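Here is a short tour of one protein model, written for someone who likes to know where each side chain sits. Keep the structure open while you read.

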Amino acid sequence: MFRKTKFYVAVALIAQAVASLVTFIVLAAKKKSHAAAFLAVGGVSGAAGAYLMCECIDEERALEEYCDGDCENCDEYKPCKKKTTLD
């Protein structure tokens, strides 16, 4: 259900990590004391984003090995009931 959402969350976390690291560099150059907090946030969100991205890649590989693309002959295939406007 949330298979594609995991990918978007991973991309968002990686983007947040990049932004936090850039902020860390700017604040460290100005010798601000709270620069280390941005480094910590960037590291944690980058690690979480990388972990989720690896999970997405592993799930995609498992699906490719399991599914051969012939959905109508698959044991798990369930055709949907199409609704018409006359129903």
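Is S45 buried or exposed? S45 is buried, with a relative accessible area of 5%; buried means under 20% relative accessible area, exposed over 50% and partly exposed in between, using a 1.4 Å probe and protein chains only. Before going further, please note that this is a predicted model, in which local features need pLDDT of at least 70 and side-chain atom pairs count only at pLDDT 80 or more, while totals for chains, interfaces and linings use all residues. Residues are numbered from 1 along each chain as its sequence is written, and side-chain values use heavy atoms, with hydrogens and water left out.

S45 belongs to helix α2, which covers residues 35–66. Helices here are DSSP runs (H or I, at least four residues), numbered from the N terminus. The side chain of S45 has a polar atom 2.9 Å from the backbone oxygen of V41, and the S45 side chain also reaches the backbone oxygen of G42 at 3.4 Å. Setting aside neighbours within four places in sequence, S45 is in contact with L13, Q16 and A17, where contact means heavy atoms within 4.5 Å.

The other serine is S20, in helix α1, and S20 counts as buried at 8% relative accessibility. With neighbours within four places in sequence again left out, S20 is in contact with F38, V41 and G42.

**Salt bridges**

How many salt bridges does a search of the whole structure find? The search finds two, a salt bridge being a side-chain nitrogen of Lys or Arg within 4 Å of a carboxyl oxygen of Asp or Glu. Side chains of opposite charge can pair when their charged atoms come close.

| Salt bridge | N to O distance |
|---|---|
| E55 and K6 | 3.0 Å |
| E59 and K6 | 2.9 Å |

E59 lies in helix α2 and K6 in helix α1, so this pair ties together parts that are 53 residues apart in sequence. K6, E55 and E59 are linked in a network of salt bridges. As for accessibility, K6 is partly exposed at 21%, E55 is partly exposed at 24%, and E59 is partly exposed at 31%.

**An aromatic pair and a nonpolar patch**

A search of the whole structure finds one aromatic pair. F7 and Y8 form this pair, which is edge-to-face, with 5.6 Å centre to centre and 65° between the planes. Rings of Phe, Tyr and Trp (its six-membered ring) pair if their centres lie within 6.5 Å, and planes under 30 degrees apart count as stacked, over 60 as edge-to-face and the rest as tilted. F7 is partly exposed at 37% relative accessible area, whereas Y8 is exposed at 56%.

On the surface, I14, V18, V22 and V26 form a nonpolar patch with about 310 Å² of accessible area together. Such patches are made of residues with over 30% relative accessible area and no salt bridge, nonpolar side chains (Val, Leu, Ile, Met, Phe, Trp, Tyr) being joined within 5 Å and like charges within 9 Å. The areas come from the Shrake-Rupley method with a 1.4 Å probe, and for residues only the protein chains shown count as cover. V22 sits in helix α1 (residues 3–29) and is partly exposed at 47%.

**The loop**

K31 is found in the loop between α1 and α2. Most residues other than glycine have a negative phi. K31 has a positive phi of about 60° although it is not a glycine, and K31 counts as exposed at 75% relative accessibility.

How values were computed: Helix = DSSP H or I, 4+ residues; strand = E, 2+ residues; numbered from the N terminus. Polar contact = N/O pair within 3.5 Å; in protein donor to acceptor, adjacent residues only side chain to side chain.
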